Amino acid sequence: MLEHFQWLPFLVAISLLTMSPGVDTILVMRNAARNGWKDGFLTSLGICMGLFGHATLSAVGLSVILLGSAELFFVFKLLGAAYLVYLGLQSLRSVLRPVGMTFNEAEGRQKPTNGWVSFRQGLLSNVLNPKPIIFYMAFLPQFIDPNYSALSQSLFMASLHFTLAMIWQTFLAVMVHKARIWLARPKVAQVLDGLTGALLVGFGVRLALSNAN
């Protein structure tokens, strides 16, 4: 199976997709800015675990059923859009009650974290987004060898995507973490929450209004 796999085209395409700014990038950077690189890492882990679900759905053909039902797809799309808007509104609420720390406080400690919340946010933002299903349905078949199991090949490609995405998003989380003292200042935190909140709400609205066809 691997001897005929088109490594270079796949890695180039998946790397460009991974590094393109989007909901995943915003969510990882927001959580890393709030609670440190570990929360950014766990957010990324949740996002990337969702890739295996999309790959499995694509391989077994459930995505075809989902995309073939306009009503079901519409409901699924609205769920994903609503969750993004919810996350965005959470950030916008923080603008009204900004939480920041002085230089010494930010240097000496971080805010308490709940890793499960960050992981869950990442997982749900990915699983409830129908765009990865469309992407996997259109993209993965180009690299699948019909002589081998479609499921095993899809999961293998999802594993490569998982690895690249985790490396890139963890790098972003660490970079944001290193700037935590600056990001912890109340005015900076307020601007960051407002910006990320507006972007997440915008992504959610665009997802809800987008044409699935």
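A polar contact is a pair of N or O atoms within 3.5 Å; within protein, one of them must be able to donate a hydrogen and the other to accept it, and residues adjacent in sequence count only if both atoms are side-chain atoms. Everything below comes from a predicted model, in which local features need pLDDT of at least 70, side-chain atom pairs count only at pLDDT 80 or more, and totals for chains, interfaces and linings use all residues. Residues are numbered from 1 along each chain as its sequence is written, and side-chain values use heavy atoms, with hydrogens and water left out.

View 1. Ser159 sits in helix α9 (helices, H or I, are DSSP runs of at least four residues, numbered from the N terminus). Its side chain reaches the backbone oxygen of Leu155 at 2.8 Å. Ser159 is partly exposed, because its relative accessible area is 29% (buried means under 20%, exposed over 50%, and partly exposed in between, with a 1.4 Å probe and protein chains only). Now look for Met49: its C-alpha atom is 9.4 Å from that of Ser159, although the two residues are 110 apart along the chain.

**View 2. His177 beside the backbone of Trp37.** His177 also belongs to helix α9, which covers residues 150–178. A polar atom of the His177 side chain lies 3.3 Å from the backbone nitrogen of Trp37. With a relative accessible area of 13%, His177 is buried.

**View 3. The aromatic pair of Phe52 and Phe162.** The count of aromatic pairs comes to four (rings of Phe, Tyr and Trp, the last by its six-membered ring, pair if their centres lie within 6.5 Å; planes under 30 degrees apart are stacked, over 60 edge-to-face, and the rest tilted). One of them joins Phe52 and Phe162, a tilted pair with 5.5 Å centre to centre and 45 degrees between the planes. This pair links distant parts of the chain, since Phe52 is in helix α3 (residues 37–60) and Phe162 in helix α9, 110 residues apart. Phe52 is partly exposed at 23% relative accessibility, whereas Phe162 is buried at 19%.

**View 4. The buried face of helix α8.** Which residues of helix α8 are buried? In this helix (residues 131–139), they include Pro132, Ile133, Tyr136 and Phe139. Seen down the axis of α8, the buried residues fall within an arc of 150 degrees, so they line one face of the helix (the arc is that of the directions from the helix axis to the C-beta atoms).

Terms used
Helices (H or I, at least four residues) and strands (E, at least two) are DSSP runs, numbered from the N terminus.
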